[in-house]
Amino acid sequence: MSAPPKLTPEQRSAALAKATASRRRRADLKAQVKNGLVTIKDVIDLAQTDSAIAKMRVSELLESIPGVGKIRAIAMMERLGISTPRRLQGLGVHQKRELMKEFNLRSRGKLLVLSGPGGVGKSTVAARLRDLADFWVSISATTRAPRATEKEGVDYFFLDDEEFDRRVARDEFLEWASFAGARYGTPRAGVEKALRAGKNVLLEIDIIGAAQVKRHSAEAILIFLQPPSWDHLVARLEGRGSDTPERRAQRLKLAQSEIAAAEGFDLVLVNDEVENVVARLVSLATS
């Protein structure tokens with residue numbers, strides 16, 4: 001057997017630094033697992049491309065999952081035929097599948113982004129989808145005051161400007177934009193948690209926000225909700241008793257430019273009947 005290669009002080013120092021960085025990387029990821037930020041599936045998938053994670057012992061990963069611990073981890077590995085020193089890079093396809101079943105993990109959900117001109121009926125469609133199982137509708141945050149019929153945590157999360165600023169600084173929004181003197185944003189954490197849990201997610205946001213989501217998430221499917229006709233949209237906006245004439249004029253002007261943006265979306269749906277639109281969205285998410 002040949003002797004191991006002799007390393008220079010510089011090479012030994014570099015090797016130690018690399019080993020330290022790998023240990024820190026694994027420790028950080030285990031902390032995320034413990035806090036529910038990533039799943040065992042996320043870690044196993046990451047091990048395919050990250051050499052530091054690939055060298056993590058399976059027992060370390062299992063012990064970091066809340067409610068497992070060392071004793072249950074050992075028993076689970078014995079039952080699944082996984083040796084104690086086995087690392088993630090050594091797991092077979094069958095062993096990975098059995099681990100997924102052990103924690104009832106499902107494949108990642110689909111992210112649908114519903115947008116369109118103001119008054120087209122996006123909120124009505126989103127409200128109908130809230131009644132459907134396994135379809136999670138994101139609730140936006142806003143700095144505007146609630147309308148008489150709106151409820152905190154149901155229609156919006158109502159924030160003051162200072163709190164909105166703090167959340168922007170902490171990068172807690174998947175997207176955000178300003179409109180008519182108020183700001184609107186989509187909380188990132190809820191969306192990611194739902195997708196990881198296998199839930200299909202619907203974001204009901206404006207044109208600018210939809211473009212932001214697509215830039216940050218290639219998985220997003222952009223759907224443009226279009227009115228049956230321009231006159232139909234005008235009638236809906238004029239029927240809003242909460243808007244001043246100036247606000248309605250502003251909305252109509254904006255709607256013209258928003259309708260022109262439809263060609264940049266993955267799918268255009270005409271909102272002729274709410275149930276028809278809902279059925280198409282459910283079909284798209286489950287196909």
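Is Glu163 buried or exposed? At a relative accessibility of 18%, Glu163 counts as buried (under 20% relative accessible area; exposed is over 50%, partly exposed in between; 1.4 Å probe, protein chains only).

The model is predicted: local features need pLDDT of at least 70, side-chain atom pairs count only at pLDDT 80 or more, and totals for chains, interfaces and linings use all residues. Residues are numbered from 1 along each chain as its sequence is written, and side-chain values use heavy atoms, with hydrogens and water left out.

**View A. Salt bridge between Arg166 and Glu163.** The closest N and O atoms of this pair are 2.9 Å apart; a salt bridge is a side-chain nitrogen of Lys or Arg within 4 Å of a carboxyl oxygen of Asp or Glu. Both residues lie in helix 8, 3 residues apart, about one turn of the helix; helices (H or I, at least four residues) and strands (E, at least two) are DSSP runs, numbered from the N terminus. Arg166 is partly exposed at 43%.

**View B. Salt bridge between Arg183 and Asp161.** The N to O distance is 3.3 Å. Arg183 belongs to strand 6 (residues 182-187) and Asp161 to helix 8 (residues 161-169), so the pair ties together parts 22 residues apart in sequence. Arg183 is buried at 15%, whereas Asp161 is partly exposed at 41%.

**View C. Salt bridge between Asp171 and Arg188.** Their closest N and O atoms are 3.2 Å apart. Asp171 lies in the loop between helix 8 and strand 5 (173-179) and Arg188 in helix 9 (residues 188-196), so the pair ties together parts 17 residues apart in sequence. Arg188 is partly exposed at 28%.
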